[in-house]
Amino acid sequence: MKKSSAFTVLLLSLCLVFTSFKVPPPGLNVGDKAPDFKLKNVDGSMKSLADYKSAKGIILIFTCNHCPFSVAYEDRILALDQQYAPKGFPVVAINPNDAVSVPEDSWDNMVIRAKDKKFTFAYLYDEGQNIAQTYGAARTPHVFLLQKVGADFVVKYIGAIDDNTDNPDQVKNRYVEDAINDVLGGKPVAVPFTKAIGCTVKWKKA
Amino acid sequence: MSRTLKSPLKFILIFFLMSAFHPIKAQQASIIKLAELTEIINRNTDTVYVLNFWATWCKPCVAELPGFISVASDLQNSKLKFYFISLDFKREFESRLIPFLEKQSLPGPVYLLDEPDYNSWINLIEPTWQGSIPATLIISKNVDNHHQFIEGEITPEDLKRTLILKLLKP
């Protein structure tokens, strides 16, 4: 009797351990310092936040090839880079997905997509998924707007690009643009956090 | 709609024939707004509701649908109702959702939620929801006053176990 209850406790605690592994870490919050990384870009070079020496900030976007929501935003991500890179806020895109789960999101396919769509920004592969975990990327696309403060990058906004994935013509709130404009104007970001429907980040199966 | 009105008798006949020979009802789908969704969620009933948030473009969502079908069939005589809340784009209702449902009959009504400003309503459904799908909401208000939300896939075994526990409550 005692033995079996001890076994039950062991089983239960094992279940708890496994459940706790399934819950993604909370990730970064607005106001946190954004940890730097070193990830492979589609041009073969390694990229870090520290490489963006003259930037005022970075529009960091977790996105991918396969997700229809990411695809729906591709042109808008390009437009963000064209509009805000000259103002000191270039786009840096990171694909966090496990290519075993989604072959379309493999490194080779990233290179092809970047060429086809003529990406003007870095498109990095988070092969180990550590950066997505550290930042708390939950879905694609998922934006983290960073502002350069001294030598550091600080998170100023987390969330969606705007409020209409399906129809760019019916967008009412341009969350990322509004946040950048607030930062550029030296104001606190009025809407620093939004939620959106998106594809789950495809985590590696243990 | 206007086409069906032209020959109502024919359609009534087909409907009766279908309901006589099909154990699962023919698939319905319609477009709803948030008010209609919250009406379902806030209903005062002793029925357990399972609301699955999904989309035809979401691979893990589509992969888990057979699990919902089998659980619904296993528990078919229970006070249990399934709703499938599609987050497909509204413009793809006819071109994508309807053709999908012609191939796969789900054990409950399918509603495409036409609310593109996700940030305005995700927290109203569930504050812990990050916004990824699949996600499943189990409501058993008059059974155990409970509201259970699962973000991510749910196995048929887990879903069935959860539902049986709820349905067993007096």
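A residue is buried if 20 or more other C-beta atoms lie within 10 Å of its own, exposed if 12 or fewer, and partly exposed in between, with C-beta atoms placed from the backbone. A nonpolar core is a set of buried Ala, Val, Leu, Ile, Met, Phe, Trp, Tyr and Cys residues joined through C-beta atoms within 7 Å. The model is predicted: local features need pLDDT of at least 70, side-chain atom pairs count only at pLDDT 80 or more, and totals for chains, interfaces and linings use all residues. Residues are numbered from 1 along each chain as its sequence is written, and chains are lettered from A and ligands numbered from 1 in the order in which they are written.

Chain A has 5 helices and 9 strands. Helices (H or I, at least four residues) and strands (E, at least two) are DSSP runs, numbered from the N terminus. Along the sequence the pattern of chain A reads α-β-β-β-α-β-α-β-α-β-β-β-α-β. Of its 206 residues, 37% are buried. Two residues are in contact if their C-beta atoms, placed from the backbone, lie within 7 Å. Among the contacts of chain A with a separation of 6 or more, 71% are between residues 24 or more positions apart.

Chain B has 8 helices and 7 strands. Buried residues make up 33% of its 170 residues. Here, 74% of the contacts with a separation of 6 or more join residues 24 or more positions apart.

The largest nonpolar core has 86 residues, and those that touch the most other members are Ile59(A), Ala93(A), Val143(A) and Val176(A). Strand E2 (residues 48-54) of chain B gives this core its largest share, 6 residues. What does Ile59(A) touch, leaving aside its neighbours within four places in sequence? Ile59(A) is in contact with Leu80(A), Tyr84(A), Phe89(A), Val91(A), Val143(A), Leu145(A) and Val176(A).

Val176(A) also belongs to the buried residues of helix H5 (residues 175-184) of chain A, which are Tyr175(A), Val176(A), Ala179(A), Ile180(A) and Val183(A). These residues cover an arc of only 130 degrees around the axis, which puts them on the same side of H5(A); the arc is that of the directions from the helix axis to the C-beta atoms. Their cover includes strand E3 (57-62), helix H2 (68-84), E7 and E8 of chain A. After H5(A) comes Gly186(A), with a positive phi near 70 degrees.

Two of the covering strands are themselves paired. Two strands pair if DSSP finds at least two bridges between them. Strand E7 (residues 142-149) of chain A pairs with E8(A) in the antiparallel sense over 7 bridges, and Phe144(A) has Ile158(A) as its bridge partner in E8(A). The two strands form a hairpin with 2 residues between them, and Gly150(A) in the turn has a positive phi of about 65 degrees. Strand E8 (residues 152-159) of chain A is mostly covered, with 6 of its 8 residues buried.

Asn95(A) lies in strand E4 (residues 91-95). Is Asn95(A) buried or exposed? Asn95(A) is buried, because 29 other C-beta atoms are within 10 Å. Not counting residues up to four places away in sequence, Asn95(A) touches Thr63(A), Cys64(A), Asp105(A), Met110(A), Tyr123(A), Tyr125(A) and Asp126(A).

The two chains also meet. In this interface, 18 residues of chain B are in contact with 16 residues of chain A. On the side of chain B, helix H6 (122-125) and E5 are the elements that give two or more residues. That side divides into 9 nonpolar, 6 polar and 3 charged residues; Ala, Val, Leu, Ile, Met, Phe, Trp, Tyr, Cys and Pro count as nonpolar, Asp, Glu, Lys and Arg as charged, and the others, Gly among them, as polar.

An open sheet of 3 strands with mixed pairing has the order E6(A)-E9(A)-E5(B). Strand E6 (139-140) of chain A and strand E5 (132-133) of chain B stand at the edges, each with a single partner strand, so one side of each is left without a neighbour in the sheet. E6(A) pairs with strand E9 (residues 198-200) of chain A in the antiparallel sense over 2 bridges. E9(A) and E5(B) run parallel and are joined by 2 bridges, with Gly198(A) opposite Ser132(B).
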